[in-house]
Amino acid sequence: MADQNEYLPQPQGFATTAIHAFQDPEQWDSMAVVTPMVASTTFKHYDPENFKKYEYSRCGNPNRDVLENCLATLDNGKYGVCWSSGLGAATAVLNMFTVGDHIICGDDIYGSTNMLFRQVCSQFGLELTFAEANNIESAIKTNTKLIWVESLTNPTMKVFDIKSIAEIAHKNKILLAVDSTFVTPYFQRPLNFGADLVIHSISKYINGHTDVIMGVTITNNEGIYKKLKFLQTVMGIVPAPFDCYQVTRSIKTLALRMKQHMKNSLEVGQFLEKHPKVEKVLHPGLPSHPQHELFKKQSSGCSGMLSFYLKGGLAESKKFFDSLETFTLAGSLGGYESLVELPSLMSHDCIPEDQRRVLKITDNLVRMSVGLEDTEDLIKDLKKALEKV
Ligand SMILES: Cc1ncc(COP(=O)(O)O)c(C=O)c1O
């Protein structure tokens with residue numbers, strides 16, 4: 001097990017914030033301890049010009065407000081804006097820019113984000129360059145307005161140095177957005193390292209129960225917040241009140257869940273590293289990861305995410321998946337249940353083949369989201385499946 005002390009210190013008061021922030025029962029007439037679910041789409045006005053706080057639910061809703069404020073605080077930000085999916089969050093961020101603007105995107109990102117950037121950016125006249133970490137500075141042009149990276153990246157688990165990229169971005173008056181979905185605010189807070197925007201697919205760890213699709217953008221910059229809040233209202237990419245209610249409930253256990261995801265994934269990663277049928281494990285929490293030291297400098301732990309290369313190709317991967325019982329073959333990640341998937345044919349099949357080849361997203365690369373089951377059972381399942389490969 002990696003030495004927890006080598007990481008950044010854990011954020012102070014994280015669980016208390018998740019449980020209580022913006023959820024004071026005294027704000028509700030009923031004094032309900034759990035924020036009441038407000039399904040109403042509309043709210044009564046005093047007169048045509050005046051209303052109490054809410055007017056129409058696309059523009060604002062008590063459940064969404066509570067969640068947005070709480071999530072912003074957890075990421076050490078001032079302003080949170082929730083969206084109907086992680087991709088909805090990315091769509092909104094792209095809409096902050098205009099024809100002729102140039103965007104630099106980290107080379108390894110989730111397949112649908114890649115597709116959004118490649119196919120939709122060009123439709124709206126935005127210029128796009130994919131760049132690996134070392135080439136970000138040289139990709140900057142006079143019209144560059146945004147650098148977008150995932151850190152950790154999906155699915156090859158690369159780490160981008162958030163502080164140094166933020167310095168490069170700001171020197172050139174460019175915004176830095178970090179998709180921090182794989183690490184969560186419990187373990188990584190990109191705003192502390194100079195990022196202007198943090199994005200999460202809430203559908204993953206933040207909700208953690210594989211039953212809500214949602215996204216969030218968090219910032220300390222009032223100008224960015226105002227633009228995003230406007231886009232939220234007029235583009236209508238809003239989450240439902242019930243989903244906000246569910247996620248507000250889920251985040252109360254985020255700290256507990258993440259500690260266990262970290263423990264379980266390290267044990268599973270260590271098991272895989274020693275297995276003769278495994279070529280290589282990519283886990284930022286293991287010393288074998290080439291950016292383990294950088295990862296520890298900007299995070300206080302690792303999640304349940306890892307990828308590994310099986311020895312062999314597609315046939316071996318299929319045999320492995322066929323024999324698993326506790327792990328489920330399914331896209332997505334970050335829930336309490338353990339999932340495996342094959343990025344080349346599932347989450348990243350929409351990425352052009354040449355880009356996949358460069359990123360080494362091959363048919364023997366397995367992405368794994370280690371859940372909260374007992375690790376002995378997970379390892380037993382993997383042992384059995386690897387024997388069949
Ligand atoms: C890193 C990352 N960002 C964004 C997304 C998109 O999120 P959503 O599925 O909520 O739209 C995903 C989905 O898998 C992801 O893995």
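Buried residues make up 56% of the 389 residues in this protein. Keep in mind that this is a predicted model.

Overall dimensions next. The radius of gyration is 21 Å. A compact globule with 389 residues would come out near 21 Å, so the two agree. Along the principal axes, the C-alpha atoms fill a box of roughly 75 × 50 × 35 Å.

Secondary structure: 14 helices and 14 strands. Now the contacts.

The accessible area is about 16,500 Å². Carbon and sulfur atoms hold 54% of that. For charges, we have 39 positive and 44 negative. How far apart are the mean positions of the two sets? They are 1 Å apart.

Let me zoom in on two polar side chains.

Start with Thr248. This residue sits in helix α9, residues 241-250. Buried or exposed? Thr248 has a relative accessible area of 8%, and the cut-off for buried is under 20%, so Thr248 is buried. What does its side chain have for a polar partner? A polar atom of the Thr248 side chain lies 2.7 Å from the backbone oxygen of Cys244. Now leave aside the neighbours within four places in sequence. Thr248 is then in contact with Gln23, Asn63, Val66 and Leu67.

Second case, Asn61. This one is in a loop, between β2 (50-51) and α2 (62-74). Its relative accessibility is 2%, so Asn61 counts as buried too. Here the backbone oxygen belongs to Val38, and a polar atom of the Asn61 side chain lies 3.0 Å from that oxygen. Again, set aside neighbours within four places. The contacts of Asn61 are Val38, Tyr54 and Pro241.

Thr248 is in a helix, and Asn61 is in a loop. Each is buried, at 8% for Thr248 and 2% for Asn61.

Last stop, helix α12, residues 314-323. Which of its residues are buried? Ser317, Phe320, Phe321 and Ser323. And what do they pack against? There are strands: β11 (305-310), β12 (328-329), β13 (339-341) and β14 (365-369). There is also a helix, α14 (375-388).

That's the tour. Questions, please.

Terms used. Residues numbered from 1 in each chain as written. Predicted model: local features only at pLDDT ≥ 70, side-chain atom pairs only at ≥ 80, totals over all residues. Heavy atoms only, no water. Helix = DSSP H or I, 4+ residues; strand = E, 2+ residues; numbered from the N terminus. Rg over C-alpha atoms; globule rule 2.2 N^0.38 Å. Buried < 20%, exposed > 50% of the residue type's maximum accessible area, 1.4 Å probe, protein only. Areas by Shrake-Rupley, 256 points an atom, 1.4 Å probe, with all protein chains shown as cover. Lys, Arg positive; Asp, Glu negative; His and termini not counted. Charge placed at Lys NZ, Arg CZ, Asp CG, Glu CD. Polar contact = N/O pair within 3.5 Å; in protein donor to acceptor, adjacent residues only side chain to side chain. Contact = heavy atoms within 4.5 Å.
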